[in-house]
Amino acid sequence: MSTSMNSPTSSAARQQAPVVKPRQCLTGDLAEAFSAYVVSLYVEPEPMAIRAICEKTGRSYGNIHRILTDAKVTMRNRGYRGPSGLEKHRDDDE
């Protein structure tokens with residue numbers, strides 16, 4: 001994996017993950033940093049799907065989902081297409 005990140009909420013957080021070895025237990029500062037990184041991937045300007053985050057981080061779907069729910073992130077609906085898809089749908093209703 002990559003080197004440690006400077007700030008979990010910065011734009012650099014999206015590009016650099018905390019160093020996590022396979023099967024390593026996430027505790028303390030490492031857990032906080034990894035959680036902030038996962039949340040930034042899920043919600044920042046170009047949101048990633050949970051499965052894409054799993055591939056990027058090497059963690060399981062359940063682990064990533066638990067991190068997001070523990071962080072009280074509002075989960076998106078299945079098949080989320082982003083704001084552009086919602087705007088088209090709203091125009092059709094009017």
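## The largest pocket

A pocket, as the word is used here, is an open set of grid points where a probe fits, with protein on both sides within 12 Å along at least five of seven lines. In this predicted model, the largest pocket holds about 310 Å³ of space.

Its lining is made up of 14 residues, and those that lie nearest the centre of the pocket are Ala-49, Ile-50, Tyr-61, Asn-77 and Arg-78. Two elements, α2 (50–57) and α3, each give two or more residues to this lining. Sorted by class, the lining of the largest pocket has 8 nonpolar, 3 polar and 3 charged residues.

## How α1 and α3 pack

Helix α1, which covers residues 28–43, packs against helix α3, residues 61–70, at an angle of about 90 degrees, and the axes of the two helices are 10 Å apart. Angles of 65 to 115 degrees count as roughly perpendicular, and α1 and α3 are therefore described as roughly perpendicular to each other.

On the α1 side, the residues that meet α3 are Phe-34, Ser-35, Val-38, Val-39 and Tyr-42, while α3 contributes Asn-63, Ile-64, Ile-67 and Leu-68. The contact of α1 with α3 has 7 nonpolar and 2 polar residues, with no charged residues.

## Confidence along the chain

The average pLDDT of the chain is 75, and 67% of the residues score at least 70. Among the elements of the chain, α3 has the highest mean pLDDT, at 93, whereas helix α4 (residues 83–93) has the lowest, at 55.

Over residues 1–13 the pLDDT stays under 50, and for this stretch the model has 29 contacts beyond four places in sequence.

Notes: Residues are numbered from 1 along each chain as its sequence is written. This is a predicted model: local features need pLDDT of at least 70, side-chain atom pairs count only at pLDDT 80 or more; totals for chains, interfaces and linings use all residues. Side-chain values use heavy atoms; hydrogens and water are left out. Axes are lines fitted to C-alpha atoms, for helices over the stretch in contact, and angles run from 0 to 180 degrees between N-to-C directions. Helices (H or I, at least four residues) and strands (E, at least two) are DSSP runs, numbered from the N terminus. Angles under 35 degrees count as roughly parallel, over 145 as roughly antiparallel, 65 to 115 as roughly perpendicular and the rest as oblique. Contact means heavy atoms within 4.5 Å. Ala, Val, Leu, Ile, Met, Phe, Trp, Tyr, Cys and Pro count as nonpolar, Asp, Glu, Lys and Arg as charged, and the others, Gly among them, as polar. pLDDT is the predictor's confidence in each residue, from 0 to 100. On a 1 Å grid over the protein atoms alone, a cavity is a set of points where a 1.4 Å probe fits but cannot get out, and a pocket is an open set with protein on both sides within 12 Å along at least five of seven lines; lining residues have an atom within 4 Å of a point. Grid points are joined across faces, edges and corners, and a volume is the space filled by probe spheres set on the points.
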